[in-house]
Amino acid sequence: MALSTGILHAAIEAARKSTYRVKLGAVVFKGKRILSTGWNQIRSSSLKHKNYENSLHAEQSALLGLEWKKLKGCSMLVVKISRAEERLGNACPCEMCRKLMDYIGIKNVFYTNEEGEIVKLKEN
């Protein structure tokens with residue numbers, strides 16, 4: 001399945017919103033229709049220090065506010081951009097996010113690999 005450039009562009013724009021050193025963006029979509037975007041961020045604005053224990057993953061951020069029952073069969077793209085935004089990097093979803101997407105019924109998960117290519121997550 002070839003992803004539209006609009007979906008890729010939306011994921012990159014979402015990643016640019018992250019204030020973290022490692023910038024990740026995610027897009028939930030069905031066909032060419034974008035349902036939501038998200039990026040890695042702090043869970044609460046009252047936190048004084050940014051640490052990974054209090055972070056919200058891009059995949060989780062993209063799923064917030066959506067009716068999960070209606071997402072069965074949808075797809076997600078996750079991208080990582082370098083600090084200089086010159087290239088895409090490995091954005092393979094973590095185990096926790098993979099389990100969440102499986103629970104919700106996300107059908108296809110795509111992510112950028114180390115070479116900046118978009119690949120489909122293989123099912124176990």
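Predicted model: local features only at pLDDT ≥ 70, side-chain atom pairs only at ≥ 80, totals over all residues.
1. Residues are numbered from 1 along each chain as its sequence is written, and side-chain values use heavy atoms, with hydrogens and water left out. Helices (H or I, at least four residues) and strands (E, at least two) are DSSP runs, numbered from the N terminus.

2. Not counting residues up to four places away in sequence, Val28 touches Arg33, Ile34, Leu35, Ser36, Ala62, Leu63, Leu66, Leu71, Cys74, Ser75 and Met76. Contact here means heavy atoms within 4.5 Å.

3. Which residues of the largest nonpolar core touch the most other members? They are Val28, Leu63, Leu71, Met76, Met101 and Ile106, out of 17 residues in that core. Two or more residues each come from β1, α2 (58-63), β5, α3 and β7. Another core, of 13 residues, lies apart from this one, with Leu3, Ile7, Ile12 and Val79 among its members. A nonpolar core is a set of buried Ala, Val, Leu, Ile, Met, Phe, Trp, Tyr and Cys residues joined through side-chain atoms within 4.5 Å. In soluble globular proteins, nonpolar side chains tend to be buried together.

4. Now strand β1 (residues 23-30). Of its 8 residues, 6 are buried, so β1 is mostly covered. Buried means under 20% relative accessible area, exposed over 50%, and partly exposed in between (1.4 Å probe, protein chains only). β1 runs antiparallel to strand β2 (residues 33-39), with 6 bridges joining the two. Two strands pair if DSSP finds at least two bridges between them. Lys30 stands opposite Arg33 in β2. The hairpin of β1 and β2 has 2 residues between the strands, and Gly31 in the turn has a positive phi of about 65 degrees.

5. Strand β5 (residues 75-81) is mostly covered as well, with 6 of its 7 residues buried. How many bridges join β1 to β5? There are 7, and the two strands run antiparallel. Lys23 has Ile81 of β5 as its bridge partner.

6. Met76 stands opposite Val109 in β7. Strand β6 (residues 88-89) is antiparallel to β5 and joined to it by 2 bridges. There, Ile81 stands opposite Leu88. The β5 and β6 hairpin has 6 residues between the strands, and Glu85 takes a positive phi near 55 degrees.

7. Is Asn113 buried or exposed? Asn113 is buried, with a relative accessible area of 12%. It is found in the loop between β7 (108-112) and β8 (118-120). A polar atom of the Asn113 side chain lies 3.0 Å from the backbone nitrogen of Glu115. Not counting residues up to four places away in sequence, Asn113 touches Leu88, Gly89, Asn90 and Val119.

8. On to charged pairs. A search of the whole structure finds 3 salt bridges. A salt bridge is a side-chain nitrogen of Lys or Arg within 4 Å of a carboxyl oxygen of Asp or Glu.

9. Arg16 and Glu13 form one of them, at 2.4 Å, N to O. Where do these two residues lie? Both are in helix α1 (residues 5-16); because they are 3 residues apart there, about one helical turn separates them. Arg16 counts as partly exposed, at 37% relative accessibility. Glu13 is also partly exposed, at 30%.

10. Lys99 and Glu95 meet in a salt bridge at 3.0 Å, N to O. They sit 4 residues apart in helix α3 (residues 95-104), so about one helical turn lies between them. Lys99 counts as exposed, at 54% relative accessibility. Glu95 counts as partly exposed, at 49%.

11. Lys70 forms a salt bridge with Glu67, and their closest N and O atoms are 3.4 Å apart. Both of these residues, Lys70 and Glu67, are exposed.

Methods
Polar contact = N/O pair within 3.5 Å; in protein donor to acceptor, adjacent residues only side chain to side chain.
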